[in-house]
Amino acid sequence: MTASELRELSTEELVAKGEELRTELVTARLNKATGQLEDSAKLRTLRRTVARVETILTEKRGAEQ
């Protein structure tokens, strides 16, 4: 997801999306460790998307205060 798409989500939706992405990242890491991950670029994409979600959550929480 792009940053603009993520900014359209509410805070609750962003929290849920972050948890979903972290779960997917853990699964991808386990698959890499066992040699089952076919697309190694997926790890980088997931890490960056998690970082985007966290950044936007921080921005929204700062704006609420």
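Contact here means heavy atoms within 4.5 Å. The legends below describe a predicted model.

Figure 1. With neighbours within four places in sequence set aside, Thr-11 is in contact with Leu-57, Lys-60, Arg-61 and Glu-64. Thr-11 has a relative accessible area of 17% and is therefore classed as buried. Other buried residues of H2 include Leu-14 and Gly-18.

**Figure 2. Helix H2 and its buried residues.** Helix H2 covers residues 11-33 and has the highest confidence in the chain, at a mean pLDDT of 97. The 23 residues of H2 should span 33 Å at 1.5 Å a residue, and this agrees with the end C-alpha atoms, which are 33 Å apart. Buried positions in H2 are Thr-11, Leu-14, Gly-18, Leu-21, Leu-25 and Ala-28. These buried residues pack against H1 and H3. After H2 comes Gly-35, which has a positive phi near 80 degrees.

**Figure 3. The largest nonpolar core, with 12 residues.** The members are Leu-6, Leu-9, Leu-14, Leu-21, Leu-25, Ala-28, Leu-43, Leu-46, Val-50, Val-53, Ile-56 and Leu-57. At least two residues of this core come from each of H2 and H3. The most is given by H3, which supplies 6 residues. One of the core members, Leu-43, touches Leu-25, Ala-28, Arg-29, Lys-32 and Leu-37 when residues up to four places away in sequence are not counted.

**Figure 4. The salt bridge between Arg-7 and Glu-59.** Side chains of opposite charge can pair when their charged atoms come close. In this view, the side chains of Arg-7 and Glu-59 meet at 3.3 Å, N to O. Distant parts of the chain are linked by this pair, since Arg-7 belongs to helix H1 and Glu-59 to helix H3 (residues 41-64), 52 residues apart. Arg-7 is partly exposed, at 42% relative accessibility, and Glu-59 is likewise partly exposed, at 39%. Helix H1, residues 3-7, has the lowest confidence in the chain, at a mean pLDDT of 93.

**Figure 5. The salt bridge between Glu-54 and Arg-22.** The two side chains meet at 2.1 Å, N to O. Because Glu-54 lies in helix H3 and Arg-22 in helix H2, the pair ties together parts that are 32 residues apart in sequence. The relative accessibility of Glu-54 is 31%, so Glu-54 counts as partly exposed. Arg-22 also counts as partly exposed, at 34% relative accessibility.

**Figure 6. The salt bridge between Lys-17 and Glu-20.** The closest N and O atoms of this pair are 3.9 Å apart, and a salt bridge requires a separation within 4 Å. Lys-17 and Glu-20 are 3 residues apart in helix H2 and are thus separated by about one helical turn. An α-helix has 3.6 residues a turn, so residues three or four places apart point the same way. Glu-20 is partly exposed, with a relative accessible area of 45%. The model contains 4 salt bridges by the rule applied; among them are the pair Lys-17 and Glu-20 and the pair Arg-7 and Glu-59.

**Figure 7. Confidence along the chain.** The mean pLDDT of the chain is 94. A value of 70 or more is reached by 100% of the residues.

Technical notes:
Residues numbered from 1 in each chain as written. Heavy atoms only, no water. pLDDT = per-residue confidence, 0-100. Helix = DSSP H or I, 4+ residues; strand = E, 2+ residues; numbered from the N terminus. Buried < 20%, exposed > 50% of the residue type's maximum accessible area, 1.4 Å probe, protein only. Expected span 1.5 Å × (residues − 1). Core = buried A, V, L, I, M, F, W, Y, C linked by side-chain atoms within 4.5 Å.
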